[in-house]
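Subject: A structure for you to look through

Hi there,

I am handing over a structure that I would like you to explore on screen. Please open it first, and then read my notes beside it.

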Amino acid sequence: MLFLAPFLLAVPFLAQDRVLKTDGSSEVGTFASATLETVLLRRGKKEVSIPSGDVLRITFGKKPDAFVVAEAFLAKSEFQNAIHQFEVAAENAKAPWVAPMAELRGAEALLAWSAHDANRAEEALSAFTKWTATHPDHFWAPQARIGQAKATALSGDLDSATRQLQEVVDLAFNQKLGPHLEGLAKLTRCQIYLQANQATLARQRLEGAGGLITTLQDQSSDTQYAASVRDLLTKQLANAQVLLGDVIERIDGLSGAQRYWKGLLAHPGVLSPDVEAAGTIVLALAAQEAGKLREAQFLLAKVTATLPSGPDIQARALFRLGEICEKLDNNPAPGRFYYQEVLTNYPTSTWASQARRKLGL
Amino acid sequence: MIVFQAGILLFTLFLPQEGEGSASIQKEANFALALTLELGFDNFAEQVIESSLKNATGQEDRGLLLLRRCEVRKVISGRSADATERMNALHSAGTAYMEFLNSDPSTSLKTQAQTALGEIAFQFGASLTQLLADGKILGEEKAAKLAEAEVLFTEALSGLNDLIRWWNAISDEEERDSSRFATFYPASFYKALIYYYWALIYEPGTIERSENAENALRQLEDFAILVGEMSRAGLMAYKHMGDCYAAMEAWEDAEVFFMHVIDNGIPDESQLDGPLSPREITQRFEAIQDSYLGLTKMYLEAGQPSAAAQVSQDFQARAKKEGFKVNHSGYRLLLSSADGLILNGQYSEAIAVAQKVADANEQSLLRLEANEVMARAIAAAPSNAMIDFNVLYGAAEGAYHKKDYRSAFNGFRLLLGRLSHSTKADDYLGKTYYYLGRTLTKMDRRLEGAVAHQRGYELAPTDEEWASRNAKGWRTLAETFRTSAPDDAVLSMFYDNALRAETASGETTPDIALMRAAKSDYNNAKQAAKQAIGKDLSSQEVRKAVTAFQKSIASFQRIEKNSSSYEDAYVKIALSHFHWGDFDLSQAKKAAELFTEYLDVWVPNPENNPMDAKGRKVRKDSLVRADFYRGRAYRKVARAGDLTAWNQVIQAYEGFPQRYPDQTDFSNASMTYRIEGFIALDQRRNAEAEYDALLATKPKAIWVNSGSFSIYRYLSAKMDSAEGEQNEELKRASATYLHSANTHAAKPKWQNIVTEARYRHELGELATTTKLFEGVLARFGDEPTFDMNARFFVEMELVDTYLEQDQAGIAGPIINKLLEQKPKSLRVKSAAIKVKAGFPVIRMRQVVEIPGEGTAEAYEKSGSIIAELLLLAEASANNAEVNKWLFEGFWEAKLQQAYLLYRWGKIDSSYKGKHTSLISSIRLLAPDLGESIAGPDHGQIFRWLEIQP
């Protein structure tokens, strides 16, 4: 049994809004407004103005119940319910941040829905377009414009999508909103190139001395940026490395991708688990293609057992492991077991529907 | 989970009295109970009872043994810290009681057993409903458990109803009173709780749930009236009524009952006959905490998370104010606040809260819940966040031992992700992979379990404790794979490799035992050295440390050259000399020689190339250590005064990061040591080039801090002997490096930030100076070293900086406070006048007025301060035996006085023209208006004032 007082010293005031700054520090208060220039908090009668370029993100102490419920629905991929609850939150908004954020999250929910139902892409685009027109100078405008570009690409207008992303890059640079925002826009642009079957263009933007990967490598190790920014850049670097692997596979086939990944995996200590896992999966698929099923099986088992990578990569590895096990007469484990693991642990992943089919569900 | 723990209604089952069984059977029965109670030999106790039951002939003997079995199982259920285990143990105990009651026992034993069965049944209900809510019981198992619950609840209620009927039928008042507390109250309360949990196992909105909840409500209401609504038991009843209403989704009714307990749990003194005892207060606070938790959960179920968060905050505020002891409910509220911290991005704070809850609840289910919160925080934290590996490992291992394999799996993998790039990896890799392998095997993912053991062995083959376990785990699983597909070449090779690993790491291998003993000696020696640091060389502590290092060296020398541990032993011998060097410098030199011999003679010889995985791992680790500590040995010599050794430090570490690209911490340390070397040799450009190279390697903050602070100290020392532009340049560079050191310090020191601010001030970077001083005041206000005196100087310097930036208005609140705190300070007074009345300065040869507060009140206050200042200046002049008209301080005060009158005249006509009168009178005594004493600007301002209307 313990007295509570010592705990409380460590527990801050949860009800307050908080601006997390790029230098790792934070400011608390009540959110008043956020533009591309400044984020404004209130502390009693005093106003605290923080340049937007110094802000990494804003968190909110008290969220409306509808907003919380909407996020919970979104986490479970229950898009329709999530969108409805975001609308409820926006309509009944009291705090000044709620309506713009709820509308933005609603648009993002539609975008996420588009991955499962292509018909939703137009709705997502419309929602993002409305948002950016209503709040052109909002602090979250770059986030919204990246979403808008993704929705534009999904709707088939790839040229407009890449142009919109270039505008975000320019905006982030001109407003000094930080390299992480520029990096995100550039990375999204490369993803869209690949999606548009312009793999060569994506490769040009990712590779080489002036390419995105080199830039992110330099920036993520540049101590002029605070640790929190470098962390974001490191994650973008990992995504860019995985994307380049996908791009090379599209251009040079599995053998080309295998060469790329072997080169990268020669230095596993400096790679993120996501990159190591994604590369190991490609090596496993190459081994499978070469008829070395057992080797592929062990490589995939290494991913699922020991590499703490993201849900999509884990789901992919488990699914592929299930397939290999089936090909090896379910030895030493039945393939169905891994399909079931996908369903149990990653029910909202794109691999879950394939696993369901394999299980005859 | 709602657990009944008030203690107010818990009743110990009394041992049967003599005569209720034969002596030998009674002895056996008591022995069995003691085995469980005192020794924890649960299975043995059951065996003793089973064996005695076979020999028991009489009904009494048999009944006694059956009752003891009930008690044994009840003890076991109370001891379990795992939810599933506890639920099963409770069911087992319940079954034993039912069997006992069916054995037609004596009335007194039957009464006790019926009461105990009631208690067991509701606790089983609590465990079951929690597991159902957590989704840990599904499908067929769920159906089976619900069926078990129905049987247990029905039997328990039947017994409790018997007891209640029996008590109601008692006519003898004395007997009625004596059994009220032992039988009637417990039976009534348990009956209510059984109905409550029975309600919960049905879905919300169903008739069954409503009916059972209403039964519970009726029973609780009667109970509360019987025991007294404001008694502790009454409070508990009301709290449970809140739970019942929540189960029926009658949110407003539930809220009323929870709030009643929260608000009225501790009555006003006016309502009491006498003060409450400390125990009574503690127990009432427990009911209050349970109600806070109940209310929080209710709001969450009602879809009102913000109201739930508010309750959590209210609870914390009250606990802080009233300082009561936290119970399980309170801890759960804390964990929910930790979840809020995670959402807020305050990961380390969340981990700290969860860790404290875990530490305070070692043997409880709360420990697991706290571990889960910690794991969530760690998973959400950025990859470069500082995380205590012990916390992460402890959480995962704890989950494994509690058979929560999913959490253990996630925890161990999370740890592996954090271990990369860490110099502490070697301490955790072997055991983490071992338990990961075991966890996967328990999850029936044997293929992956084998792969985890394999990687554990291959990455940590020199970890004596865990390498053999990993190898064994690997081999055991590989063997089953090979048996399942004997013709598969890959599986055969997998098994062969596992077998080789197991043989190489076997416990019986002689050099492994020797290495383990030698490492133990080495660790003991390092421990002894720690105790001896700072002690006289002839002290007992130093002698002990030296002897320990000699022993460690001798132990490592026993490892033969053909052993795969030989290189490890070699380097450890050199390291022993290195640490010994703290007390005898010649040993540091000896260490450097040994490292060089290893690096330059042993390693290049192809005959010494390692042959197996363990040898290769030993070589890899030994190389980097030898290379790194050779430089450290030179550094030790250099720091002892041999400046030439700095060249050896620089040379030894040249190219180190390129040689070991994956050893980031060692590499970064080597670069900071090179910076130190260049500085010691007065090679500034080289030091700065090395620093730039360090920055380019993505170093942790600690290394940037170390490198930049070294350069700052060097430059600031040089500044003392430099003048003019050189001094300016050194100052600018010092400020830059000190800024870098401050921003990369884990815990920046306010003194260093103040020093930086002063440099910035001297460099004319006033905005930066202001920001730094403001930052110090905001961040270090509560730090003990930042005392009143320090705060005063920082605030004064901040005021001066504001004034220099013409921001007298901002300085107002600070100066008012300082005037109150230090009314006699000359410095405060001088600044206060400027802040209140404003002041004139010369810029571009023109007089510029800096506005102050400018109110009549401010001028009034300034007038009195100036009067005091003039007196002080006169006194100072007298002390210095100087005429006051020849004293600069006096002239400054006079000028401020004239300016004050001038400004005052602007808002108050009674002062109009008084400044010109004053200046005229001064001119009579000092025609140059003090210009020869206080400088030309002073004279120019006076002359300007003289012509102002």
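Below is what was found, going from confidence to the interface and then to a few details inside the chains.

Please keep in mind from the start that this is a predicted model. The model scores are ipTM 0.82 and pTM 0.55. Chain A has a mean pLDDT of 88, with 95% of its residues at 70 or more. One stretch of chain A stands apart: residues 1-14 have a pLDDT below 50, although the stretch makes 44 contacts in the model beyond near neighbours in sequence. For chain B the mean pLDDT is 86, and again 95% of the residues reach 70 or more. Here the stretch with pLDDT below 50 is residues 1-20 of chain B, and it has 60 contacts beyond near neighbours in sequence. Where pLDDT is low, the predicted coordinates should not be read in detail.

Now to the place where the chains meet. How many residues of chain B are in contact with chain A? There are 67, and they touch 53 residues of chain A. Together the two chains bury about 5000 Å², and 60% of that area is on carbon and sulfur atoms. Three salt bridges cross the interface of chain B and chain A. Which element gives the largest share of the chain B side? That is helix 12 of chain B (residues 305-322), with eight residues. By type, the chain B residues that touch chain A divide into 33 nonpolar, 20 polar and 14 charged.

Next, some pairs of side chains. Over all chains there are 63 aromatic pairs. In one of them, A:Phe319 and A:Trp351 form a tilted pair, at 5.5 Å centre to centre and with 40 degrees between the planes. Why does this pair tie together separate parts of chain A? A:Phe319 lies in helix 14 (residues 311-327) and A:Trp351 in helix 16 (residues 350-358), so the pair joins parts that are 32 residues apart in sequence.

Finally, two backbone details to find. The peptide bond from A:Asn331 to A:Pro332 is cis, with omega near -5 degrees. You will find A:Pro332 in the loop between helix 14 and helix 15 (335-345) of chain A. In chain B, look at B:Asp444: its phi is near 65 degrees, a positive value in a residue other than glycine. B:Asp444 lies in the loop between helix 18 (425-442) and helix 19 (446-459) of chain B.

Enjoy exploring, and write back with any questions!

Best wishes

Definitions and conventions:
Residues are numbered from 1 along each chain as its sequence is written. Chains are lettered from A and ligands numbered from 1 in the order in which they are written. This is a predicted model: local features need pLDDT of at least 70, side-chain atom pairs count only at pLDDT 80 or more; totals for chains, interfaces and linings use all residues. Side-chain values use heavy atoms; hydrogens and water are left out. pLDDT is the predictor's confidence in each residue, from 0 to 100. Contact means heavy atoms within 4.5 Å. Buried area is the accessible area (1.4 Å probe) that two parts lose on being put together, summed over both. A salt bridge is a side-chain nitrogen of Lys or Arg within 4 Å of a carboxyl oxygen of Asp or Glu. Helices (H or I, at least four residues) and strands (E, at least two) are DSSP runs, numbered from the N terminus. Ala, Val, Leu, Ile, Met, Phe, Trp, Tyr, Cys and Pro count as nonpolar, Asp, Glu, Lys and Arg as charged, and the others, Gly among them, as polar. Rings of Phe, Tyr and Trp (its six-membered ring) pair if their centres lie within 6.5 Å; planes under 30 degrees apart count as stacked, over 60 as edge-to-face and the rest as tilted.
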